[in-house]
Amino acid sequence: MAKNSDTSRKILELLRECRLVEPERFSRAPLPYPREFDDLIDQFVLAVKLAFAGKVQEARHRMNFIDHVSMVKWYDEIAQHVGDVRYELISNAQPYRKRGQSDKKRDMGDARVRRLAERDGHRCGYCGIRAVEPAVLKKVQSVLGRDVFPSKTGRKGSSNLDYHGIWLVMAITLDHIKPFAIDADDSDANLVTCCWGCNFGKYDYTLKELDLARPVQSRGVFDGWHGLRDSTMKLSR
Ligand SMILES: [Zn+2]
(Lines give C-alpha, C1' and ligand atoms only; values in the text may rest on other atoms or scores of the structure.)
Protein backbone atom coordinates (compact mmCIF):
# COMPACT_ATOMS: atom_id res chain seq x y z
CA MET A 1 0.00 0.00 0.00
CA ALA A 2 1.37 3.40 -0.89
CA LYS A 3 2.85 5.08 2.14
CA ASN A 4 1.77 8.63 1.49
CA SER A 5 0.59 10.95 -1.26
CA ASP A 6 4.14 11.95 -2.30
CA THR A 7 5.01 8.31 -2.91
CA SER A 8 1.76 7.75 -4.81
CA ARG A 9 2.35 10.81 -6.99
CA LYS A 10 5.88 9.70 -7.83
CA ILE A 11 4.69 6.18 -8.72
CA LEU A 12 1.88 7.60 -10.85
CA GLU A 13 4.39 9.73 -12.79
CA LEU A 14 6.66 6.73 -13.38
CA LEU A 15 3.71 4.59 -14.53
CA ARG A 16 2.45 7.24 -16.95
CA GLU A 17 5.92 7.79 -18.39
CA CYS A 18 6.51 4.08 -18.82
CA ARG A 19 3.12 3.54 -20.47
CA LEU A 20 3.96 6.28 -22.97
CA VAL A 21 7.62 5.48 -23.68
CA GLU A 22 7.78 1.69 -23.23
CA PRO A 23 4.24 0.33 -23.69
CA GLU A 24 5.49 -3.25 -24.18
CA ARG A 25 7.36 -3.27 -20.85
CA PHE A 26 4.42 -1.51 -19.21
CA SER A 27 2.09 -4.33 -20.25
CA ARG A 28 4.37 -6.98 -18.74
CA ALA A 29 5.32 -5.75 -15.24
CA PRO A 30 3.50 -3.79 -12.51
CA LEU A 31 6.37 -1.28 -12.88
CA PRO A 32 9.44 -2.30 -14.92
CA TYR A 33 12.79 -1.92 -13.13
CA PRO A 34 15.21 0.87 -14.16
CA ARG A 35 17.40 -0.38 -17.01
CA GLU A 36 20.65 0.65 -15.29
CA PHE A 37 20.06 -2.20 -12.84
CA ASP A 38 21.23 -4.59 -15.57
CA ASP A 39 24.74 -3.05 -15.39
CA LEU A 40 24.75 -3.34 -11.60
CA ILE A 41 23.68 -6.98 -11.89
CA ASP A 42 26.53 -7.60 -14.38
CA GLN A 43 28.97 -6.25 -11.77
CA PHE A 44 27.49 -8.50 -9.10
CA VAL A 45 27.68 -11.57 -11.37
CA LEU A 46 31.35 -10.83 -11.97
CA ALA A 47 32.03 -10.46 -8.24
CA VAL A 48 30.35 -13.82 -7.58
CA LYS A 49 32.42 -15.50 -10.29
CA LEU A 50 35.63 -14.10 -8.78
CA ALA A 51 34.64 -15.13 -5.26
CA PHE A 52 33.87 -18.68 -6.29
CA ALA A 53 37.11 -18.86 -8.26
CA GLY A 54 38.92 -18.22 -4.97
CA LYS A 55 39.56 -14.49 -5.49
CA VAL A 56 37.47 -13.45 -2.51
CA GLN A 57 39.33 -10.23 -1.66
CA GLU A 58 39.01 -8.94 -5.23
CA ALA A 59 35.33 -9.88 -5.23
CA ARG A 60 34.74 -8.06 -1.93
CA HIS A 61 36.50 -5.00 -3.33
CA ARG A 62 34.27 -5.03 -6.41
CA MET A 63 31.14 -5.24 -4.27
CA ASN A 64 31.96 -1.74 -2.97
CA PHE A 65 31.49 -0.27 -6.45
CA ILE A 66 27.94 -1.48 -6.95
CA ASP A 67 25.53 1.41 -6.39
CA HIS A 68 23.17 -0.79 -4.47
CA VAL A 69 21.54 2.07 -2.55
CA SER A 70 19.64 3.02 -5.73
CA MET A 71 18.19 -0.51 -5.73
CA VAL A 72 17.24 -0.38 -2.05
CA LYS A 73 15.49 2.96 -2.55
CA TRP A 74 13.70 1.80 -5.68
CA TYR A 75 12.36 -1.33 -4.00
CA ASP A 76 11.56 0.21 -0.62
CA GLU A 77 10.07 3.50 -1.80
CA ILE A 78 8.58 2.60 -5.18
CA ALA A 79 8.26 -0.99 -6.39
CA GLN A 80 6.51 -2.60 -3.44
CA HIS A 81 3.83 0.12 -3.38
CA VAL A 82 2.90 0.10 -7.07
CA GLY A 83 -0.25 -2.11 -6.99
CA ASP A 84 -2.76 0.34 -5.56
CA VAL A 85 -1.58 3.23 -7.74
CA ARG A 86 -1.61 1.13 -10.91
CA TYR A 87 -5.05 -0.21 -10.05
CA GLU A 88 -6.39 3.34 -9.66
CA LEU A 89 -4.76 4.38 -12.94
CA ILE A 90 -6.07 1.39 -14.90
CA SER A 91 -9.45 0.78 -13.30
CA ASN A 92 -10.27 4.32 -12.24
CA ALA A 93 -11.52 2.95 -8.93
CA GLN A 94 -10.52 3.06 -5.28
CA PRO A 95 -7.93 0.41 -4.37
CA TYR A 96 -8.87 -2.70 -2.45
CA ARG A 97 -8.26 -2.60 1.27
CA LYS A 98 -7.27 -6.25 1.29
CA ARG A 99 -8.84 -9.39 -0.05
CA GLY A 100 -9.70 -12.01 2.55
CA GLN A 101 -6.85 -14.31 3.55
CA SER A 102 -7.09 -18.04 3.03
CA ASP A 103 -6.03 -20.56 5.68
CA LYS A 104 -5.03 -23.03 2.99
CA LYS A 105 -1.39 -24.05 2.93
CA ARG A 106 1.06 -22.90 0.30
CA ASP A 107 4.38 -24.54 -0.35
CA MET A 108 7.16 -21.95 -0.73
CA GLY A 109 9.98 -24.26 0.35
CA ASP A 110 13.47 -24.19 -1.19
CA ALA A 111 12.88 -27.35 -3.25
CA ARG A 112 9.79 -25.97 -4.93
CA VAL A 113 11.39 -22.57 -5.53
CA ARG A 114 14.31 -24.33 -7.17
CA ARG A 115 12.14 -26.53 -9.38
CA LEU A 116 9.96 -23.67 -10.61
CA ALA A 117 12.92 -21.29 -11.00
CA GLU A 118 14.51 -23.86 -13.28
CA ARG A 119 11.26 -24.26 -15.19
CA ASP A 120 11.01 -20.46 -15.65
CA GLY A 121 14.65 -19.85 -16.56
CA HIS A 122 15.56 -18.05 -13.29
CA ARG A 123 13.89 -14.87 -14.50
CA CYS A 124 10.98 -12.90 -13.15
CA GLY A 125 7.96 -13.93 -15.22
CA TYR A 126 6.78 -10.32 -15.29
CA CYS A 127 9.72 -7.90 -15.66
CA GLY A 128 12.23 -10.53 -16.86
CA ILE A 129 14.98 -9.43 -14.46
CA ARG A 130 17.68 -12.03 -13.81
CA ALA A 131 16.77 -13.70 -10.53
CA VAL A 132 18.47 -15.93 -7.96
CA GLU A 133 17.11 -18.47 -5.47
CA PRO A 134 17.39 -17.21 -1.86
CA ALA A 135 19.32 -20.39 -0.96
CA VAL A 136 21.94 -19.47 -3.59
CA LEU A 137 22.12 -15.88 -2.33
CA LYS A 138 22.79 -17.24 1.17
CA LYS A 139 25.61 -19.35 -0.23
CA VAL A 140 27.05 -16.26 -1.96
CA GLN A 141 26.77 -14.32 1.29
CA SER A 142 28.68 -17.01 3.18
CA VAL A 143 31.61 -16.60 0.75
CA LEU A 144 31.56 -12.81 0.18
CA GLY A 145 30.83 -11.95 3.80
CA ARG A 146 27.78 -10.44 5.41
CA ASP A 147 29.52 -7.05 5.72
CA VAL A 148 29.65 -6.51 1.93
CA PHE A 149 26.49 -8.49 1.12
CA PRO A 150 24.09 -8.00 4.03
CA SER A 151 20.55 -9.31 4.46
CA LYS A 152 17.82 -8.94 7.04
CA THR A 153 19.04 -10.02 10.46
CA GLY A 154 15.83 -11.44 11.93
CA ARG A 155 16.23 -9.10 14.89
CA LYS A 156 13.31 -6.94 15.93
CA GLY A 157 13.12 -3.73 13.88
CA SER A 158 15.04 -5.26 10.98
CA SER A 159 13.73 -3.99 7.62
CA ASN A 160 14.27 -3.80 3.86
CA LEU A 161 16.97 -1.24 4.54
CA ASP A 162 19.14 -3.95 6.10
CA TYR A 163 19.40 -5.79 2.79
CA HIS A 164 21.93 -5.25 0.04
CA GLY A 165 20.02 -3.85 -2.96
CA ILE A 166 20.94 -6.86 -5.10
CA TRP A 167 19.05 -9.04 -2.65
CA LEU A 168 15.91 -6.89 -2.95
CA VAL A 169 15.85 -6.89 -6.77
CA MET A 170 17.15 -10.41 -7.55
CA ALA A 171 15.81 -12.73 -4.83
CA ILE A 172 13.19 -15.16 -6.14
CA THR A 173 9.70 -15.54 -4.74
CA LEU A 174 6.81 -17.47 -6.24
CA ASP A 175 3.84 -15.37 -7.31
CA HIS A 176 0.30 -16.74 -7.49
CA ILE A 177 -0.78 -15.45 -10.90
CA LYS A 178 -4.43 -15.54 -9.90
CA PRO A 179 -4.17 -14.15 -6.36
CA PHE A 180 -4.13 -16.84 -3.66
CA ALA A 181 -6.63 -14.72 -1.72
CA ILE A 182 -9.24 -15.35 -4.46
CA ASP A 183 -9.35 -19.15 -4.70
CA ALA A 184 -6.20 -20.48 -3.00
CA ASP A 185 -4.90 -22.19 -6.15
CA ASP A 186 -1.38 -23.30 -5.14
CA SER A 187 -0.80 -25.50 -8.20
CA ASP A 188 2.37 -25.14 -10.30
CA ALA A 189 0.25 -23.86 -13.18
CA ASN A 190 -0.81 -20.85 -11.09
CA LEU A 191 2.73 -20.10 -9.91
CA VAL A 192 5.47 -18.14 -11.60
CA THR A 193 9.03 -17.23 -10.64
CA CYS A 194 8.93 -13.60 -9.58
CA CYS A 195 11.11 -10.81 -8.18
CA TRP A 196 10.04 -9.16 -4.94
CA GLY A 197 9.25 -5.88 -6.71
CA CYS A 198 6.73 -7.46 -9.09
CA ASN A 199 5.32 -9.78 -6.44
CA PHE A 200 4.66 -7.14 -3.79
CA GLY A 201 3.92 -4.55 -6.49
CA LYS A 202 1.20 -6.74 -8.00
CA TYR A 203 -0.15 -7.32 -4.49
CA ASP A 204 -3.56 -9.04 -4.41
CA TYR A 205 -4.68 -7.76 -7.80
CA THR A 206 -5.57 -9.85 -10.82
CA LEU A 207 -3.79 -9.44 -14.17
CA LYS A 208 -6.93 -7.86 -15.61
CA GLU A 209 -7.24 -5.34 -12.78
CA LEU A 210 -3.70 -4.11 -13.46
CA ASP A 211 -3.92 -4.59 -17.27
CA LEU A 212 -0.98 -7.01 -17.25
CA ALA A 213 -0.11 -9.67 -19.82
CA ARG A 214 0.13 -13.24 -18.57
CA PRO A 215 3.64 -13.76 -17.10
CA VAL A 216 6.16 -16.01 -18.85
CA GLN A 217 6.44 -19.52 -17.42
CA SER A 218 8.60 -22.39 -18.68
CA ARG A 219 11.08 -19.99 -20.22
CA GLY A 220 13.98 -22.43 -19.97
CA VAL A 221 17.58 -21.25 -20.07
CA PHE A 222 17.75 -17.87 -21.75
CA ASP A 223 20.94 -15.94 -22.62
CA GLY A 224 22.92 -18.57 -20.70
CA TRP A 225 21.48 -17.34 -17.38
CA HIS A 226 21.20 -20.08 -14.73
CA GLY A 227 20.49 -17.97 -11.64
CA LEU A 228 24.16 -18.19 -10.58
CA ARG A 229 23.76 -21.94 -10.08
CA ASP A 230 26.65 -22.58 -12.48
CA SER A 231 29.07 -20.08 -10.92
CA THR A 232 28.41 -21.15 -7.33
CA MET A 233 28.67 -24.90 -7.83
CA LYS A 234 32.06 -25.33 -6.26
CA LEU A 235 34.58 -23.17 -4.52
CA SER A 236 38.19 -23.57 -5.56
CA ARG A 237 40.72 -22.09 -3.19
ZN1 LIG B 1 9.94 -8.64 -11.70
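**Figure 1. Leu161 in the loop between H8 and helix H9 of the predicted model****.** Leu161 is placed in the loop that lies between H8 and helix H9 (165-170). With 13 other C-beta atoms within 10 Å, Leu161 is partly exposed, because a residue is called buried at 20 or more such atoms and exposed at 12 or fewer. Which residues does Leu161 touch, not counting residues up to four places away in sequence? They are Val72 and Asp76. Leu161 and Val72 stand 89 residues apart in sequence, yet from C-alpha to C-alpha they are 6.7 Å apart in space.

**Figure 2. The buried and exposed sides of helix H8****.** The view shows helix H8, residues 134-144. Its buried residues are Val136, Leu137, Val140 and Leu144. Seen down the axis of H8, these buried residues fall within an arc of 100°, so they line one face of the helix. An α-helix has 3.6 residues a turn, so residues three or four places apart point the same way. The face of H8 turned away from the buried side carries the exposed residues Ala135 and Ser142. What covers the buried residues of H8 includes H3, H4 and H9. H8 is followed by Gly145, which has a positive phi near 105°.

**Figure 3. The contact of helix H3 with helix H4****.** Two of the elements that cover the buried residues of H8, namely H3 and H4, are shown here with each other. The axes of H3 (residues 37-52) and H4 (residues 56-63) come within 7 Å and cross at roughly 165°. That angle makes H3 roughly antiparallel to H4, because angles over 145 degrees count as roughly antiparallel. H3 passes H4 in a left-handed crossing. On the side of H3, the contact is made by Gln43, Leu46, Ala47, Leu50 and Ala51. On the side of H4, Val56, Glu58, Ala59, Arg62 and Met63 take part. What kinds of residues make up the contact of H3 with H4? They divide into seven nonpolar, one polar and two charged.

**Figure 4. The packing of helix H1 with helix H6****.** Helix H1 (residues 5-21) and H6 pack at an angle of about 60°, and their axes are 10 Å apart. H1 is therefore oblique to H6. The crossing in which H1 passes H6 is right-handed. Where the helices meet, H1 provides Ser8, Ile11, Leu12 and Leu15, while H6 provides Val82, Val85, Arg86 and Leu89. The residues of this contact of H1 with H6 comprise six nonpolar, one polar and one charged.

**Figure 5. Ser91 of helix H6 and its distance from Lys208****.** Ser91 lies in helix H6, which covers residues 82-91. Is Ser91 buried or partly exposed? It is partly exposed, as 14 other C-beta atoms lie within 10 Å. Ser91 and Lys208 are 117 residues apart in sequence and 9.3 Å apart in space, C-alpha to C-alpha.

**Figure 6. Helix H7 and the residues that follow it****.** In helix H7 (residues 110-119), the buried residues are Val113, Leu116 and Ala117. They cover an arc of only 105° around the axis, which puts them on the same side of H7. On the other side of H7, Ala111 and Arg115 are exposed. What covers the buried residues of H7 includes strand E1 (172-176) and strand E2 (191-195). Just after H7, Gly121 takes a positive phi of about 70°. His122 also has a positive phi, of about 50°, although His122 is not a glycine. His122 is found in the loop between H7 and helix H8. With 25 C-beta neighbours inside 10 Å, His122 counts as buried.

**Figure 7. Tyr203 in the loop between helix H11 and helix H12****.** Where is Tyr203 placed? Tyr203 belongs to the loop between helix H11 (196-202) and helix H12 (207-210). The phi of Tyr203 is near 60°, which is a positive value in a residue other than glycine. Tyr203 is buried, since 23 other C-beta atoms lie within 10 Å.

Technical notes
Residues numbered from 1 in each chain as written. Predicted model: local features only at pLDDT ≥ 70, side-chain atom pairs only at ≥ 80, totals over all residues. Helix = DSSP H or I, 4+ residues; strand = E, 2+ residues; numbered from the N terminus. Arc of directions from axis to C-beta. Contact = placed C-beta atoms within 7 Å. Axes fitted to C-alpha atoms, helices over the stretch in contact; angles between N-to-C directions. Parallel < 35°, antiparallel > 145°, perpendicular 65-115°, else oblique. Left-handed = near helix turned anticlockwise from the far one by under 90°. Nonpolar A, V, L, I, M, F, W, Y, C, P; charged D, E, K, R; others polar.
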